[in-house]
Structures are given as structure tokens and as C-alpha cells.
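Please open the structure in your viewer and keep the selection tool ready.

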Amino acid sequence: MAGGAGSLASLWTEVNRCGQNGDFGRALKAVNKILHENKDDVTALHCKIVCLIQNGGFKEALNVINTHTKSLTSDMVGFEKAYCEYRLNRVESALKTIEGISEQTDKLKELYGQVLYRLERYDECEAVYKDLIRNSQDEYEEERKTNLAAVLAARSTWENATAEDMGLPESTYELCYNAACSLIGRGQLSQALKKLQEAEELCRMSLAEDSDMTEEDINAELAVIHSQMAYIMQLQGRTEDALQLYNQVIKLKPSDVGLLAVTANNIITINKDQNVFDSKKKVKLMNAEGVEYKLAKKQLQAIEFNKALLAMYTNQADQCRKLSSTLQSQNPGHPRPVLIQVAQLCREKQHSKAIELLQRFSEEYPESASGIKLTMAQLYLTQGHVTKAGDILRSIEDYKHKQGMVSALVTMYTHEEDLDSAIDVFSQAIQYYQSEQPGSPTHLSLVREAADFKLRYGRKKEAISDLEQLWKQNTKDVHTLAQLISAYSLVDQDKAKALSKHLPSPDTMSFNIDVDELENSHGATYVRKKAAKVTGENAPKEQGQGEIKKKKKKKKGKLPKNYDPKSTPDPERWLPMRERSYYRGRKKGKKKEQVGRGTQGAMSGATAELDASKTASSPPTSPRPGSGTGSASNVVPPRQQKPAASGATRKKAPQKKKKGGKGGW
């Protein structure tokens, strides 16, 4: 027994020494030897659990805890159990374990905050970190502030919440990065980009102090900052700059699978239906193992949506339907999976099925029907059903009184020549703003547009109420008053006369204009000249005016090289060959001396020379083309002459070299 006790003491000494040195592998071997002697030693079991956790053996540690539940109570190893569950991505189980522990220590609260963050319960998480920062003072205060800044950034990004200013410092690049993410969530992109640049400088400065850090290590650490910079550029429309920065992050191959998945997803959104082969390669990064534990639910949802869209762009109809159906089952009230299915049906020219699908979804989920009905209206318009599209738009309660919607409906009904429906749209919108925002600029602008519309289409009687309302708002508006008088003149002339008294007198309307000065002005002179040109076509012009510009310099005509000034030109040379008196026609593709289609041995050239009628019909003063050249009267006219050089001496026209050819041939 004495020897056994001595060996146990030495083993415990070994465990203590290895634990202080961080050599948990050797410490684990020593603990196993102790447990071999006494398998129910609680302290040895606890030490074994800690060694396994330090070595990354979370499953083995959890098995030890679950195996010895009688000896290891939740108060003793509750933190270790919750931590193992958290690291094994069993977040719900970790939360239950933490809530079952009676004593809430600081380290347990830290873990509780991490679990709440993973569960996206940001309000509770924020409260936990505020309590920790307020009630604890140790070397981990800066890390807690960093985590709190991350929670505020997540609330700003995913919940559109405007967090209060906590006065957190920005002394480290992590704090600066989280502050930039909060600015992105609030839409302050330019300020966020500047903050990310500050974070990059702080990161380089802090990592440069470590001599073991290489440039590649620094760039790998900066990858998350660069990816966020590229995201801001993408939101700003600088897609080329964003794509270049995204590709730089991908080339670094960072160990964070979540960062790679988000970067690859954003590249796919830039590519859309272009560069499909590159997008297919990026999908592999989005499907990496462990991505689902690194990203928020909305990020994972966006990635799945983009996978379905990519399948549609690559004409993988079955894959697109499968992915969109899965998304719809996971997010039953979300309109985007249905819109993807509708887009696929439209690509297949099945518009009626697409409309039926949209109609069914809008009836099942009326709270998400606004965007769906807009899509239905668009499909009806593409099919030419304008009235149906208008009825769908008028059924959208959230938008039907908006100015843009009123404008669209009036345009559509006017196109269909349904003026009554267009006026009804105006009336409903005016009544809505009359009750909700009377006298507002939107209300008055709608009244003005309604009055102008009715006057434009001859509905002066119906425009009276609108014009009266506008005139009461501004009694000095002479234009509206004139329109009102014009409208009343058709209905009540006495009322029109009474209103005409409010018109300004001619004396007040005179603006002390010098007519002579106005007529002599540059603009008036120009108009007068233009009118004179139209009415006075036969007005006398000054000598040489306007004709110098029209005259063109005559070019001296070129004579043929074989021109003979002694020969008499052919008087019919200006006529086309077919219209000349001596033209007898010719057969296409036949040479002069070629054998004709007559009897065997007949010669077409000989018959032409023996035909005296042809020579008699030719004009005596102009030699016939093709006749002999023995006398002056038989000289060929210049326009009929051709060079008589033989084939051996005739030069070929120089040919242009072909561009782009290879070699010298």
C-alpha cells in the first residue's frame, strides 16, 4: 500500500506540473493511470475532462461526464458540459445545461452570452454582456467589449435596430470592425468604409509587432475586413472593384469556412446569369462542411436562394424546382421561393400556371401578398391584359393610395380608354389624403393632377370641385381661377361672371414692357426672319445672297485614255445600252464566237456579218460599236472603245492584300 500511495502522489505531481506547463497530453496519461487505480476518483475524473477539452476531445469529455453522472454533479462539471455541447454545435442543449446550473459564475455568463448570440437572441445577449462589463474587472474586459460591439452590429444588420451609443472604444481593429458593421446596418456606407480602412491600419500595426507573422498571415487576418470592404463597394454599385477584392480573399484560402461561403455567395450575385462556370465552382465553397454553424439564419437563407437562382440561370429546371420547394417548406410564408418558381415557369412559357401559383400564395398568406400581387400585375401586362393588371394593383391596400401607384393606374386605364375608372382612382386617393393628411403637398398635388386630367379629356363639369378646392388654398392663383371660370361657363354662367370679378384688371396685369425693344431683341428678330421665310416665298433677295453657298465647284470631266477628237461621238451614248436603236440583245454567258443553239455547224458570228439590215439601221454619223477601224467614219466612239491589247501583254489590276492572313501566300 505504501508503494501505491507513493506512486499516486508522484502521478498527481506529474499532473500538476504538466497542467502548469500546458502539456495536457502528458497530464492526461498521468490522470488515466490514477483512474486505473481508482476509477471513481472525482478529482481525477474532473482533471481528465479538462485535459480532454484542452486537447479538443469534446466528444470524449462529454462521454466521461454522461458516464459518471452520479459522482459528477451539474454544479461540479456543469460549465464543462455546457462548453462541450456548445463546441459540438449542440447549442440548445448547452442553453438547457446552463439554465440548470444554480451558481452563475462569470465564466458561465460568458458562455451564456456566446450561446445566446449563436441562437440570435440578441436582446438577452446584450443584457448579459452589459452586466458582465459593469460587474467585473479583469484582463478580459476588452474582449467583452468586443463581443458587445458584435452584438450591437448584429442587431443593426439583422433586426434593423438602432442601438444606443454605448461609448465603446475603437482602440483595436476588432472593435473598429464591429463599429463599421453597425454603420453598414444603418446604411451609412461611406462612413463604414472609412472605419474599415482604420481597422485595416490597426490590424497591420498590431500584427507587425509579432516577428513570427508573415505577410501571408497578415493578409489572412485582414481577409474578413477586405471582404466587408468589397460588400460595401458592391452596395455602392462598384461591382468591378468589389469582384476584384472578393477574388483576392478567395485566393488567400482563409480557414474560416463562413467567410469563404459569404464571399463566394456575393461573387455569384455579381455574376448573375453571366460567367456561370465560375459561379458553379463558387457553389462548392458555399457547401463546405460546418458553414451552417458559422453564419446567421438570414445568411444561410440568402445562400440557398442564390443556389436556386443559379440553377434557373443554368437551365437546371428540376434542380431549381427542388431547391425552391425545399425553401418554401422551410419558410412557408416567405414570398421569395414562390417568386423563383414563378420565374422558372415564365422561362418555360407557362404564364397561366405562374399566375395560378401567385394567386394561391396570396390567398394563403395575405400578409405577404403585396409583392406577389405586383408580380401578378406584371405578368398580366406582359400578356396584354391591362384591365386585369389594374384590378390586381387596386387590390393592394398598402400601395393603392401611393402617388406612384395612382400614376400607374391612371396611365393603364387611359390606355384602355376607361376614363371613368381613371377618375375613380383619383377620387379614392384624394378622399384618403383628405381624411389622413388634409392640405398636405401630396394631397394638393393629387387634386391638381385630377383637375388637369379631367380638363384634358373634356370633363370640365367634373373638374369644378377640384378647381374650387385648389383655388381656396391659393386665391392668388390666376391660372386655376381661369380654369374654374372656363368650367363654370358650361354649367352656371352667373357663377362664372361672379368669379370673373376676382380676375386682375388689365392695368395690374401690364408689366411695363417696351414693345419696340422686345421686337428688336435677338430672339424676336430670329423669329421674324423665320416667319418671313415661310410666308414670303417670293420676297426679293439681295444680289448674290444665298446663292454663293449653294453653288458647288464644277469638276473638270476626265476623258478616256484612247479618246479621238476627230471621231463623231455616238448621239445615243447617254441612253442605256438596252434602249439604243442598234441594241439587239445578247445571251447571258455566251461569247461572241461561241456556237449557238441552231443546226450543227451554224456560226453566229458569220450570220451577223452577212446581215445587211443591221448595217442599214445604224446611224450614218456614228459608227456602230464593234465595226472595223479602217476609216475615219468607222472609228469606235470613245465611250465604246476598249483596249485592244493581247492577253500576253495585258496587265492585271493590282490586288489588295488580305488582312490578317498568316504566311506570305
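Begin by selecting Arg 17 and Glu 14, which form a salt bridge with their closest N and O atoms 2.6 Å apart. A salt bridge here is a side-chain nitrogen of Lys or Arg within 4 Å of a carboxyl oxygen of Asp or Glu. The two residues lie three residues apart in helix H1 (residues 2-21), and about one helical turn therefore separates them. Helices are DSSP runs (H or I, at least four residues), numbered from the N terminus. Arg 17 is partly exposed at 37% relative accessible area, and Glu 14 is partly exposed at 21%. Buried means under 20% relative accessible area, exposed over 50%, and partly exposed in between (1.4 Å probe, protein chains only).

The model is predicted: local features need pLDDT of at least 70, side-chain atom pairs count only at pLDDT 80 or more, and totals for chains, interfaces and linings use all residues. Residues are numbered from 1 along each chain as its sequence is written, and side-chain values use heavy atoms, leaving out hydrogens and water.

Next, select Lys 109 and Asp 131, whose side chains meet in a salt bridge (3.2 Å, N to O). This pair links distant parts of the chain, 22 residues apart: Lys 109 belongs to helix H7 (residues 106-118) and Asp 131 to helix H8 (residues 122-135).

Now move to Asp 318 and Arg 321, joined by a salt bridge of 3.2 Å, N to O. Both are in helix H17 (residues 317-330), three residues apart. Asp 318 is exposed at 62% relative accessibility, whereas Arg 321 is partly exposed at 33%.

Finally, select Asp 123, Glu 126, Lys 130, Arg 155 and Glu 159, which salt bridges with shared partners join into one network.
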